[in-house]
Amino acid sequence: MSPSEETKMAPARLHFLCLLALYLLWVTAPTSAYGQEGKFSGPLKPMTFSIFEGQEPSQIIFQRGRRPSVKFKANPPAVAFELTGETDGIFKIEKDGLLYHTTALDRETRAVHHLQLAALDSQGTIVEGPVPIIIEVKDINDNRPTFLQRKYESSVRQNSRPGKPFMYVNATDLDDPATPNGQLFYQIVIQLPKINNVMYFQINNKTGEISLTPEGSQELDPVKNPFYNLVVSVKDMAGQSENSFSDTTSVDITVRENIWKAPEPVEIRENLTDPHPIKITQVQWNDPGAQYSLINKEKLPQFPFSVDQEGNIYVTKPLDREEKDSYVFFATAKDENGKPLSYPLEIHVKVTDINDNPPTCLAPLTVFEVQENENMGNSIGVFAAHDMDEPDSINSILKYKLVDQTPKVPTDGLFLIDEYGGKVQLSKQSLKKQDSPQYNLTVEVSDIDFKTLCSVQVNVIDINDQIPIFEISDYGSKTFSEDTAIGSTILVIQATDADEPFTGSSKILYKIVQGDPEGRLEVVTDPKTNTGYVKIKKPLDFETQPVTSIVFQAVNPEPLVEDVEYNASSFASFELIVTDVNEVPVFPQQIFLANVSEDAAVGTKVGTVTARDPEGLAVSYSLKGDKRGWLKIDSVTGEIFSSAPLDRETESVYRVQVVATEVGGSSLSSMAHFHLALTDVNDNPPRLAKEYTGLFFCHPLTSPGSLIFEATDDDQQSLWRPKFTFALGRESLQSDWDVAKINVTAGSEEGIRSIGTRVIVIVSQYGVLGTDAGPLQDHCTHARLSTKHTRFEEQVYDIPILINDGGQPPMEGIVSLSVTFCQCVDGSCFRPAGRQDGIPTVGMAVGILLTTFLVIGIILAVVFIRIRKDKVENPQPPENQPLRS
């Protein structure tokens, strides 16, 4: 930039620097944060004042929220004031404008005084005003509440709904109802008689409504106690003050019988042909005007009952007992607002039976089987039918009769049936299949009005007089490896039976009777062909049984007839050869447990793990998952030793895997788990349970205060271990501070408030000092730090605390609590803004201001010197001289 251009920019720079100086002056100027209050003394204007009633006369009126006196001023030519309106001869004003009252005010006489104030000249002429002045008379508690009646009488029905008012008591109080002075609190103080110390009546403490308690609703009985007397009190101040006024009244209550009762169960005959609806019962509330309704408790899609407003209950259509034999529903009574007057009544309706259903057969055909050698009189089976009419009634009792037998060979009447039990028996002789393999019987089933025919089929089956016979008695040798899969079929066997096919006499079951005590094999029979499939049920084992002779027996599920027995034809065998397969080593268990003290010396034996190789090979052991390097294992014996210092606080249960590998062979391996539990030793010093920050006392102290803190350590806690002890870390602190241990239990009030899970709040009269949280323990883990006097400076004190855990051996730790003594605002620590870090004080502000002026002066001096020098060295060219670019 050229000198001439710099000369042109100089005024702008000067202007900018001046603005900068003014801004810095405004920013750094100290300001007052609070206005100063003074007495009211001002021009004539509308004003409102509040005065408590009952104050002594000639009191100066004070403006609300201020202490100085009230004095009005008027501009000349005004020399005096005139007060008019609702003065009641009480309010006066002096010539100098001082407003006062001469007698005590009474809010109940007049709550607000509307006055007018005017300024007068020497001639008594109004020169200013009048302006309205309002005097509000504030209430004090100078009136006692009074009941409207000295005695009340009422009655209540037994079993009335609890909480529903049946009477009221009322009291009045002349004090302001918008203040606690006029807020009334009702209470029952005496109930006579009072049985088992139970209150039968309750009162709404705000409205005076009297109702039954749940106990009163259930227990009131006019037969036992027809009359009760209550003494009811009323207090003002909402009953919360010891200085509240009170009054009492007497209440006489008569207990009347409750006619709201469930009617007796109703019986309705099914399929009635009378015109519907038909009245079946009635309910009735104690007083007229109740609104009745029915509740369909069973949620039936078609509810066949109704009720009118006289309480008459009707059935609206014929009922069918076989469709539904009983109904349960509720009747309710409500007031004009739809609120229940009492408990609903349960209505029971039973539908009685008529004989309107014939007997029915349980199945189109009932089949019985009988062996051809059954003796005469033996039971073949029990035949049953069903009747839908009411069970165990005359309408459902059934009689059975055989009316036909087909074929009638070798004779008719081969069978009998019990008339009421339905048992079918052989009546004349045993049956022979060659006479007829099947008989068809017709059974007549009847009740008192109806008859039904049912069909019964009797099949004559062959007797079991033939044994199963194996087609092959020796199935030779079968070879399988010991790892053959479970479920594999290793042999198919077959036996035959000459009895009637597909009966219990010809069905064959195969049993292994020799050579398999461990149950490694099973035989599954095909029900159609009687073929037996021998399968592996459990793993084969070469080392246990390399060669086994297996013997089978074929039997029938039906017992053989007399004089017939199983013989060698029903037995077969085969030789099972199991070949060896190299298997992994086997541990006797999958998890090995051990425990050792955490201070065990390096090299201590902590446990032993063993495994066995099924082929008898030697086993080598190794560890896997030893992430901390705490253990080592003897590869030959499986003994496990500690290889480094152990620490329960790092890991209380140390888990590794042990690998067993066969030596030689295929080097197969398997794995088990080793869990080492570390028992605790006292090797950790106590410490604070949390970081306690923000602990403070409000300065100056008015009385000694205290706070509570909690200690812990990282060792294992137990009920029998000693408790912590606490002491000051320096003897020099004993004149100012005291520390003592305390027991903390759920519900303790020693400076601790607890709700649910533990929430410890450290409190004093100056507010919350700190908090902590966790489950409450009944241990000496807490201590109280207390001040011994109140002469503390406004600063931060670091208090060292020595904590001993009382263990074996004992461990000590020194912790520090920082406690601040500071000014408080609304129970919180407060420091003035001028003293906060980063905000300059007044002295600093003045210094900054002076420094700013000095810098501005230096800048201005440099600017003026530069301008003058430019004028001397570069004079202005003539006006007609062209400018150089």
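**Entry 1: Thr531**

I looked up the contacts of Thr531 (heavy atoms within 4.5 Å). Leaving aside neighbours within four places in sequence, Thr531 touches Val492, Ile493, Gln494, Tyr510, Val524, Thr525 and Asp526. The model is predicted, so local features need pLDDT of at least 70 and side-chain atom pairs pLDDT 80 or more, while totals for chains, interfaces and linings use all residues. Residues are numbered from 1 along each chain as its sequence is written, and side-chain values use heavy atoms, without hydrogens and water.

I then listed polar contacts, which are pairs of N or O atoms within 3.5 Å, one able to donate a hydrogen and the other to accept it; residues adjacent in sequence count only if both atoms are side-chain atoms. The side chain of Thr531 has such a contact with that of Gln494 at 2.5 Å, and another with that of Thr529 at 2.9 Å.

Is Thr531 buried or exposed? I noted that Thr531 counts as buried because its relative accessibility is 9%; the cut-off for buried is under 20% relative accessible area, with a 1.4 Å probe and protein chains only. Thr531 lies in strand 40 (residues 531-536), a strand being a DSSP run of E with at least two residues, numbered from the N terminus.

**Entry 2: Strand 47**

I checked which strands pair with strand 47, where pairing requires at least two DSSP bridges. Strand 44 (residues 605-608) pairs antiparallel with strand 47 (residues 639-642) over three bridges, and Gly607 stands opposite Ile640. Strand 46 (residues 631-633) also runs antiparallel to strand 47, joined by three bridges, with Lys632 opposite Phe641. In the hairpin of strands 46 and 47, five residues lie between the strands, and Gly638 has a positive phi near 80°.

Terms used: Helices (H or I, at least four residues) and strands (E, at least two) are DSSP runs, numbered from the N terminus. Buried means under 20% relative accessible area, exposed over 50%, partly exposed in between (1.4 Å probe, protein chains only).
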